[in-house]
Structures are given as C-alpha cells and as structure tokens.
Amino acid sequence: MTDNPGEQPKIQRSPKRVRTYLGGRLVADSRHPMLVWEHPYYPTYYLPAEDVQAQLRPTGGTRHVDLLGDGDVHDVLVDGASAEGAAVRFPDSSPAQGLVRIDWDAMDEWFEEDEPVYVHPRDPYKRVDILAGSRHVVVRVGGVVVADSRRPQILFETGLPPRYYLPLADVRMDLLRPSQRRTQCPYKGTATYWHVVVDGTEHPDIVWAYRTPLPESQKVAGLACFYDERVEVTIDGELQEKPHTPFS
C-alpha cells in the first residue's frame, strides 16, 4: 500500500472461521470474514453484518478510516454486556460496504477456528521461521558484554530483522533485572522482559523471552532475545548495523 491519491485498500477474504466474544457472550460468528489492511503492518478483521449476532446501537458519531472513508459508530450490546463505540459500519459508497469493524481490544476473546488469537489477526503474508544456528553472537550494552553465544536459535519473521534467541546460560544474568512489561504476539505468545543494568545505568526493557510460546514457536521457549535496535551486536566478529524498525 502507498499514499497515492485514489488508492484502494487491500481487502481479501479469509478462509478461517472467526468468532469474537464479550462478557462470555457470542458477538459474531463468521465463516466469511474479510481481512482489511488499514496500514502496512497487519490486517484487521471486518465481518459481514449478517454474521454479527450482537445488537449494534448507533451512537450518532462517525469514525474515519484511511482509504475506507467515514463509518457510523455503534455500541455493541449482547445479553447485558456492552462495549461503547466498539463497532463501525460503512456506507454503500465505501469499499467496506456491508462489513462491520469490531474493535479488537473491546472484545474479551477472538478465535480463528477453535484457537484463541491475540493482539490482531494473523497475517497470511507473514511467515515465522526458527532455525538452529552456530553463529557467534556477542551482545554489548554500554561497552560491556552481556551475552556471548555460539548456539542461537535464529527467528526470521517477515518484515523484521533476524532475531537471535540465546540460551540464558550464555547471558550475564547478573546484569538483568526483571521488568513488569508484558507483550503479546499472535505468532509467538506472551513475552516477559528484563532491564539491563551496566555501571549503574539502567537500559529498560531491552531483553525478552517467551517462557511458554505458542506451539509454532516452541523452539525459542525460555531463550533470551535483545533488541538489536538498542544494543551493539557482533555476528561472527562483524559489528552489525542497528536496524530501523517500529521498535527503534
């Protein structure tokens, strides 16, 4: 997608059955969900209006979505549970005509088929490969070696730089301090974080691990990974250029 005037959004049918719940009650159940790329990073589910079982109550407001135009905002009501302003319906003039956008975070659960999915829909054009490696990976923070490993698991994810997941035994755990930060990924699961403290300076949330990753990412379970964007990484003796990503 680009910013060219008159550009059409990328919209395609997903073959997955998609359900979402609020307060334990079914809000929508669709075998014909649509994936809409509102931005380049990941898609959003838009569901046919006839597959939405909850009541949609107009609020009188509108919401603008780039490339799709203005849609009418609705409250979502289902058996005593409600989510204010959580749904948007688009007019016939919109490329999303006949579809309802339900705010992901306003719902309690989303399912693709019978498995829960977190953060956002899985992108059919994104792939995650995890390969065992023997590269010599050295990570420095503030000039101090914090990790030194020759047995990384290298995670290749579409659109992101390779990530080197290292055994904790190869990491200076004495320099790590637990963080309260938690993030979720629809491909890997829930990550926990550490700060790195070097010479009295704290470098917050630059190391993470997936303690119990999703089945497709089990090879990185319990391994530590550093934000290459924020540390100095040497691979086989070659200093790596810091990548520019949304995490820089």
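Reader: Through how many residues does a hairpin join β4 to β5?
Author: The model is predicted, local features need pLDDT of at least 70, side-chain atom pairs count only at pLDDT 80 or more, and totals for chains, interfaces and linings use all residues. Residues are numbered from 1 along each chain as its sequence is written, and side-chain values use heavy atoms, with hydrogens and water left out. Strands (E, at least two residues) are DSSP runs numbered from the N terminus. The hairpin that joins β4 to β5 runs through 6 residues.

Reader: Which residue in β5 does Met34 stand opposite?
Author: Two strands pair if DSSP finds at least two bridges between them. β4 and β5 (residues 44-48) pair in the antiparallel sense over 3 bridges. In β5, the residue opposite Met34 is Tyr46.

Reader: Are Met34, Leu35, Val36 and Trp37 of β4 buried or exposed?
Author: Buried means under 20% relative accessible area, exposed over 50%, and partly exposed in between (1.4 Å probe, protein chains only). In a regular strand the side chains alternate between the two faces of the sheet. In β4 (residues 34-37), Met34 and Val36 lie on one side and Leu35 and Trp37 on the other, and all are buried.

Reader: Which residue in β4 does Lys10 stand opposite?
Author: β1 (residues 10-13) pairs with β4 in the antiparallel sense over 4 bridges. The residue opposite Lys10 in β4 is Trp37.

Reader: Which are the edge strands of the open sheet of 7 strands?
Author: The order in this sheet is β12-β15-β16-β20-β19-β18-β17, with antiparallel pairing. Each edge strand pairs on one side only, and the two are β12 (128-132) and β17 (176-185).
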